[in-house]
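User: I would like to go through this model term by term, with each label set against its definition. Please show the structure first.

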Amino acid sequence: MVFDPANQHHQDVCATLLRKDDGRIVVDRGNGSRFVGNSYSRRKARRDALVEMLAREDFQHVPRGGIARGTARADRPEDRAEIPQELVEIAEPETDLSVEVFQRIAIERLDAHDRPILVVGGSGLHFRSIVDPLTFAPHDPDVRTDLSELEAGEAVEKLLAADPDAGDHIDLMNPRRVVRALEVVELTGEGPSERAGTPEADAVRGYRPLRPFVGIGVDPGDAISARIDARVDRMVGAGLYEEVANLADRLGRNASRAVGYAEMLEVIDGRSPLEHGVAAIKANTMKLARRQRTWFRRDPRVAWLPAHIDMESAVTYCLERWQP
């Protein structure tokens, strides 16, 4: 069975079992598993299996300077000592850790282990960067800045001159994607058509993983809304406002745009009252959950457990299939 590695902030509680040579990698995922049982999964894994934990949360791997409330990071010494954790506190809040860098670090860590690895958190892109042959083109801020000055029509014309079939692979009505495609052309000479024709791109489109894995997904259904609301209330009660206020001048572009931080920054700046900010966090998290659900429902490798299954049964089910 295959299973969905959705986003920790959002909706579907998942556990993905990946096999690596003589070891196994276990990816515990939930679209908002913070809200639907990620903490339970961690405790259950600690009791029932010898594992190491690798955090795949979009912003959890950038918290050296104190990002904890907004990422549900395990901060208690007893939690951190009970199970080894990696990719936590590897960068400063100012640092925009790219998926490319994350991919390299994560795969290095995964390949270094011969024991089960519980991978928690992160977006679908972060997950696929670990298990699928995703490749990333280089970036150049100066080239990007120059290309961004082009009018939208001029940029499309320039791209089509370099790659007449580019429109078959990217949305030409999306200026950001057009500029990115032009940047890649400038840096590598490869247009969208050429990049889409590689064996790696074909494997990604066909959901053919680099590392064979088995996965099981659990969709909490309508219960997710109440769980998100309760989790956000706990985050605020635990000091989210104070955390963001202390880090406001240090948050990089990615962290400052994360759900929870972006809304709280508006409160701190006086642009929104606290109650509106909290309501916005709940609403935006729910929107993100829906997007993540749509993303992972497309993955044919995902087999879903019934929506009504309780968390203990779901985790037990996954752990039984995880044992060597």
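Analyst: Helices (H or I, at least four residues) and strands (E, at least two) are DSSP runs, numbered from the N terminus. The model is a predicted one, in which local features need pLDDT of at least 70 and side-chain atom pairs count only at pLDDT 80 or more, while totals for chains, interfaces and linings use all residues. Residues are numbered from 1 along each chain as its sequence is written, and side-chain values use heavy atoms, with hydrogens and water left out. Counted by the DSSP runs, the chain has 16 helices and seven strands.

User: Where is Y207 found, and what makes its phi worth noting?

Analyst: Y207 is in the loop between α10 (199-205) and β6 (213-218). Most residues other than glycine have a negative phi. Y207 is a residue other than glycine with a positive phi, near 55 degrees.

User: How do you know that the span of helix α11 agrees with its number of residues?

Analyst: The expected span of a helix is 1.5 Å times one less than its number of residues. For the 15 residues of α11 (residues 223-237) this gives 21 Å, and because the end C-alpha atoms are 21 Å apart, the two values agree.

User: Which residues of α11 are buried, and why are they said to line one face of the helix?

Analyst: Buried means under 20% relative accessible area, exposed over 50%, and partly exposed in between (1.4 Å probe, protein chains only). In α11 the buried residues are I224, I228, R231, V232 and M235. Seen down the axis of α11, they fall within an arc of 100 degrees, so they line one face; the arc is that of the directions from the helix axis to the C-beta atoms. On the other side of α11, A226 and G237 are exposed. An α-helix has 3.6 residues a turn, so residues three or four places apart point the same way.

User: What are the buried residues of α12, and what do they pack against?

Analyst: In α12 the buried residues are L240, E243, V244 and L247. Down the axis of α12 these residues fall within an arc of 95 degrees, so they line one face of the helix. They pack against α11, α14 and α15 (274-297), where contact means heavy atoms within 4.5 Å.

User: Why are α12 and α14 called roughly perpendicular?

Analyst: Angles under 35 degrees count as roughly parallel, over 145 as roughly antiparallel, 65 to 115 as roughly perpendicular and the rest as oblique. The axes of α12 (residues 240-247) and α14 (residues 261-268) come within 9 Å and cross at roughly 80 degrees, and α12 and α14 are therefore roughly perpendicular to each other. Axes are lines fitted to C-alpha atoms, for helices over the stretch in contact, and angles run from 0 to 180 degrees between N-to-C directions. Among the residues that meet are L240 and Y241 in α12 and Y261 and M264 in α14.

User: What makes α5 roughly parallel to α15?

Analyst: Helix α5 (residues 124-131) and α15 pack at an angle of about 30 degrees, with their axes 11 Å apart. That makes α5 roughly parallel to α15. G124, L125 and R128 of α5 make the contact with Q292, W295 and F296 of α15.

User: Why is V259 called partly exposed?

Analyst: V259 has a relative accessible area of 22%, which means that it is partly exposed. V259 lies in the loop between α13 (253-256) and α14 and, not counting residues up to four places away in sequence, touches I281, N284, T285 and L288.
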